[in-house]
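Student: I have a model open and want to learn how to read it. Can you take me through it feature by feature?

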Amino acid sequence: MDRSLITQLGYVGIGVADIAAWEDFGTNVLGMQLYQKLDNGTLYLRMDEYSHRFVIEPTGEDDIKYAGWMAPTVNALKEVQARVTAAGVKVEEGSPEECLYRKVNRFITFQDPDGLRLEVFVGLDVDANKPFHSPRAISGFRTGDMGVGHIVPVSKDLQATERFYVDVLGFRVSDYLFNRPDAPGQHSMTFFHVNARHHSFAIGRGRGGNTKRLTHWMMEVNNIHDVGLTYDVVRKRGIPRTMEIGGHLNDHMTSFYMRTPSGFAVEYGWNGREVDDNTWVIQQYHTGDIWGHERMGTYTPQEVAAMDAPAGRRG
Ligand code: MBD
Ligand code: FE
């Protein structure tokens, strides 16, 4: 395959109700650097040499507002624009003001089949004068060519959403997970890669009562002790963990999940595996975990029993 049209998850926009709580959480718990704060309260949070990887806006949704995907070149951006348009989806170009606000050279925007706002951009700001410096004593985030990490929104039609991301945007399926009793014979999650990160994007069926689009985002650190140091902060502050520490079967990530001030979770991980498109084989799994990842608090006993059941196709 030629070079990908989209090479990484570049930035993520989140709308929140409690911006003060997020400033504290994003920096002192997650370890991101506050790069800039606008008069309206918007926070630009940094994980590496880029000026920002998260934009936290005080607009009240407590959910994801947009996902910013990197096109490596102007030609790639134009090709994405042509393909999305040919698929019958309306594409708009970001205005100069919007580009300034996003700190990109140019971007296009359109909705995925579930109505999630996607932005495909060229030229994210790098600030070489101010090297990344975490406010926490961690060795740093694993981003680079693998981008932010991953986001997992819910989808109302996993097949239709898969077709859009694969056929139109050029994402590659990594694997499938079947672990939900409410969808007999159908899978519950699909994982996609756009670079060596096992998944930059995954979709899942919403759980009953789940009103948010975003279930969690994942950020990866360089050292297992960075996970442990953050785990200590989370425990000492009494921040609820939604999944206890454990290891994922598909991407080999060692991680735990904590609840954010907006209700959705952040997965904080280390040592995810890398995929090579020349040798990768799609597999399907019936459990998400090698060990641990015990569901805490927010899951019903029935859901826990279903997800923890031994591997084996259901339905
Ligand atoms: C993941 O990163 C994840 O969040 C789940 C639920 C399963 C496998 C990998
Ligand atoms: Fe995850």
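Student: What share of the contacts with a separation of 6 or more comes from residues 24 or more positions apart?

Tutor: This is a predicted model, so treat each value as computed from that prediction. In the chain, residues 24 or more positions apart supply 68% of the contacts with a separation of 6 or more.

Student: How many helices and strands does the chain have?

Tutor: The chain has 6 helices and 18 strands. Next, the overall dimensions. The radius of gyration is 19 Å, close to the 20 Å that the globule rule gives for 315 residues, so the chain is as compact as a globular protein of that length. Along the principal axes, the C-alpha atoms fill a box of roughly 50 × 50 × 35 Å.

Student: What percentage of the residues count as buried?

Tutor: Buried means under 20% relative accessible area. By that cut-off, 56% of the 315 residues are buried. The surface is a separate reading. The chain exposes about 13300 Å², and carbon and sulfur atoms supply 50% of that area.

Student: Which residues coordinate the iron ion (ligand 2)?

Tutor: Look for donor atoms around the metal. Here they are NE2 of His150, NE2 of His216 and an OE atom of Glu267, at 2.0 to 2.2 Å. Their spacing in sequence reads H-x65-H-x50-E. His150 lies in strand β9 (residues 150-153) and Glu267 in strand β16, so this pair links distant parts of the chain, 117 residues apart.

Student: Why do His150 and Glu267 count as buried?

Tutor: Check each against the cut-off of under 20%. His150 is buried because its relative accessible area is 2%. Glu267 is buried because its value is 1%.

Student: How many aromatic pairs does a search of the whole structure find?

Tutor: The search finds 21. Read each pair by two values: the distance between ring centres and the angle between planes. An angle over 60 degrees counts as edge-to-face. Phe110 is in strand β7 (residues 104-111) and Phe164 in helix α4 (residues 158-168), so the pair ties together parts 54 residues apart in sequence. Phe110 and Phe164 are both buried.

Student: What class of aromatic pair do Trp217 and Phe264 form?

Tutor: Theirs is a tilted pair, with 5.9 Å between centres and 45° between the planes. Trp217 lies in strand β13 (residues 214-221), and Phe264 in the loop between β15 (254-259) and β16 (265-270), so the pair ties together parts 47 residues apart in sequence. Trp217 and Phe264 are buried too.

Student: Which ring does the charged end of Arg102 sit over?

Tutor: Arg102 sits over the ring of Tyr66, with its charged end 3.8 Å from the ring centre. Lys103 lies over the face of Tyr44, 4.4 Å from the ring centre.

Student: Where is Gly94 found, and is Gly94 buried or exposed?

Tutor: Gly94 is in the loop between β6 (92-93) and α3 (96-102). Gly94 counts as buried because its relative accessibility is 17%. Leaving out residues up to four places away in sequence, Gly94 touches Cys99 and Phe107. Gly94 and Met32 are 62 residues apart along the chain, and their C-alpha atoms are separated by 27 Å.

Key. Residues are numbered from 1 along each chain as its sequence is written. Chains are lettered from A and ligands numbered from 1 in the order in which they are written. This is a predicted model: local features need pLDDT of at least 70, side-chain atom pairs count only at pLDDT 80 or more; totals for chains, interfaces and linings use all residues. Side-chain values use heavy atoms; hydrogens and water are left out. Rings of Phe, Tyr and Trp (its six-membered ring) pair if their centres lie within 6.5 Å; planes under 30 degrees apart count as stacked, over 60 as edge-to-face and the rest as tilted. Helices (H or I, at least four residues) and strands (E, at least two) are DSSP runs, numbered from the N terminus. Buried means under 20% relative accessible area, exposed over 50%, partly exposed in between (1.4 Å probe, protein chains only). A charge sits over a ring if NZ of Lys or CZ of Arg is within 6 Å of the ring centre and within 35 degrees of the ring normal. Contact means heavy atoms within 4.5 Å. The radius of gyration is taken over C-alpha atoms; the globule rule is 2.2 Å times the number of residues to the power 0.38. Accessible areas come from the Shrake-Rupley method with a 1.4 Å probe; for residues, only the protein chains shown count as cover. Donors are N, O and S atoms within 2.8 Å of the metal (3.2 Å for Na, K and Ca); water is not among the atoms, so sites may look incomplete.
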